[in-house]
Amino acid sequence: MALKVLIVEDQFIEANNLEIMLEEAGYLVCGMAKSVQEAIKIIDARTPDLALVDIQLKGGLSGIDLAVILKQRNIPFIYVSANSDHATLIKAKATQPYGFIVKPFRERDLIVTLEIAQYRHENSLDAALIREDKFRKSLQDIVKMEGSVTDKMHQISKTMQAILPYDYLAICIDKGREAINLMSYLRAGFEEYQFIGLEEFQVITKTNFVELYVMQYAGEGTERSFFICDDFKNMLGKFKLRKQIADKFMVNSLLTYPLDCSGYTNIHLYFYSRRTDAYSSDQVALLDRLNASISFAICQVLGLDIQHTPYTTAHHKKLTGKNTNTAPVFEGIVGKSHLLLNVFDHITQVAPADTAVLILGESGTGKERVAHSIHASSGRKEGPFVKVNCAALPSSLIESELFGHEKGAFTGAVNKHVGKFERAHQGTIFLDEIGDMPYELQAKLLRVLQEKEIERIAGNAPIKIDVRVIAATNHNLEKEVAAGRFRLDLYYRLNVFPITLPSLRERKDDIPLLIDHFISGFNIRLGKNVTGISARGLKDAMEYNWPGNIRELENLVERAVLVSQANHIKRLAIPVSGNAETVADESSANGFKSIVQNERDHILNALKKCKGKVWGAGGAAELLNLPPSTLNSKIRKLGIRRDFT
Ligand SMILES: Nc1ncnc2c1ncn2[C@@H]1O[C@H](COP(=O)(O)OP(=O)(O)OP(=O)(O)O)[C@@H](O)[C@H]1O
């Protein structure tokens, strides 16, 4: 059935051109509106599948205002606009469109953007439905499980994290005068929560029961709403209790939600997050969908009356053939900072779905680890996990490496070669450094993602493959797209679910844990018995800004464990005053640089001379007489950043 598209455009000629292009491409234009008001009427009457929205419109309201309504109704939209000023673009981007086409555009760009929008929308819906289904099922299991009320409530709050991330969750149960109860949970680690009951809460917030009661009713009751950024700060001026919570637990946004309960009982949920912009109307809508299931579970566990039955998983279509009942696996990912916990939440959310994932982050932040964790937590975990480093392969070889070739396909192809995509069948392919993939090959990759089939070089028939794609890059892909080095259509296709990894300098609280983790590992590998790091050594590590991130820390700990004469590490070989070229530590106390330090300096000098170019004529690999892939892996191992120049 043709997809129904709404055009919201105030210029008649442009609207007409769009209509012709869409109809020729097989879409059904279900309405054309010149203003937001007209658009709403068409949305109500015709429920479009997708909307093309100009930003400047007639009638006072803009396309950005309409975006809010489209999001509420779950209708994907694409902006079609003449180059707008920077501030407008920022606002437009914040509404999370499924695409942005700048006028004038080619018909082909429009059609590709529409296809991608449709794909992304379907995938994000699938992922959301799987998540919600899983959540409802977990609640049902908790209600049925053996255990005390405290245990069950604890489980419910833990389960809630996967669907609506928080750092502090308060569940307030109010059965009328003198019967307020509070069960709250402060997140201390991925699966670790500190329980704070009513009594502890009163001690922490220095309030007595009567004060709490009064605050609850003096305007601190709950509505379906959220407070982020400045709204959160302004709201705290009016709500004394929330201000105390914010100060005590260092939270920066809040979502409040009253559950539907019967009789005299009210249950209010308060989700607090350390992120400044953690909540949006999407999450309020999510709670609307889950309200019945959550209130049913809590009322059952607490022995309260309930009127309704929850929405059960049976109402849902089967979303994927893969087993989605897989507990998340975070092997080798160490840390408890709230930024890393957010990453765990994202892994938990996206793993069961079959969508593409794009992992972004500086070099050495753990992108490969995260990719592996998504695979290990997915229904494909029994299948292969195949890694391809797109930067380490010369462009002449990468196509055959990815898609394979037949015998005799080119000079030197003496045997048939099965490509990485085929090897990843029924598993996951991890395309590392996707930003370095040659431009010509990006179109082929896009086709594979769309058609789910590959063709070996010189092959005579396409081969069907069932592969999940996870890509990673430390480049800013939007800039690469703008510079014409990365295809916009591929970017949209991969960017269905982006996960951005924090740099180590943004999560320094994790440094002590990471150092202990690496020391234990290297003790085993190097047969040493180092017990820890000195206070001075730790202080240095906390003050350094770690341009090479975790990999750099891991390398320095390895070196320190190796050279350590004492039973603990005194200092790490941290580059002096952030200058990566001079290193002073135990190993260079005698005035000599270590071999590793010399190697690092040598590579840095070569890179500087070649202006950062690694491959090809005039590149650092040629200068150093090394295979480019070896040089690349040394660059990574030594924690040299690509933007060092
Ligand atoms: N959270 C973590 N806890 C412990 N070790 C980690 C963590 N994250 C990464 N590491 C380790 O740091 C090193 C670098 O990680 P990884 O290779 O995944 O980074 P990357 O972002 O993919 O780097 P690049 O962009 O250079 O490919 C690896 O040895 C990995 O095991």
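A nonpolar core here is a set of buried Ala, Val, Leu, Ile, Met, Phe, Trp, Tyr and Cys residues joined through C-beta atoms within 7 Å. A residue counts as buried if 20 or more other C-beta atoms lie within 10 Å of its own, as exposed if 12 or fewer do, and as partly exposed in between; the C-beta atoms are placed from the backbone. This is a predicted model: local features need pLDDT of at least 70, side-chain atom pairs count only at pLDDT 80 or more, and totals for chains, interfaces and linings use all residues. Residues are numbered from 1 along each chain as its sequence is written.

The largest nonpolar core has 47 residues, and Val357 and Ile359 touch the most other members. Helices (H or I, at least four residues) and strands (E, at least two) are DSSP runs, numbered from the N terminus. Helix α12 gives the most, with 6 residues.

Take Val357. Leaving out residues up to four places away in sequence, Val357 touches Val350, Ile374, Ile470, Phe497 and Ile499. Contact means that two C-beta atoms, placed from the backbone, lie within 7 Å. A second, separate core of 46 residues includes Leu164, Tyr166, Tyr272 and Ile294. In soluble globular proteins, nonpolar side chains tend to be buried together.

Now look at the sheet. Five strands form an open, parallel sheet in the order β13-β16-β19-β12-β20. Its edge strands, β13 (385–389) and β20 (498–500), each pair on one side only. Pairing requires at least two DSSP bridges between two strands. Strands β12 and β20 run parallel and share 3 bridges. Ile359 stands opposite Ile499 in β20.

Why is β4 largely enclosed by the rest of the structure? The reason is that 4 of its 5 residues are buried. Strand β3 (residues 50–53) pairs with β4 in the parallel sense over 3 bridges. There, Tyr79 in β4 is the bridge partner of Val53. Strand β5 (residues 99–102) also runs parallel to β4, joined by 4 bridges. Gly99 in β5 is the bridge partner of Ile78.

Finally, the whole protein. It has 24 helices and 20 strands. Buried residues make up 38% of its 645 residues.
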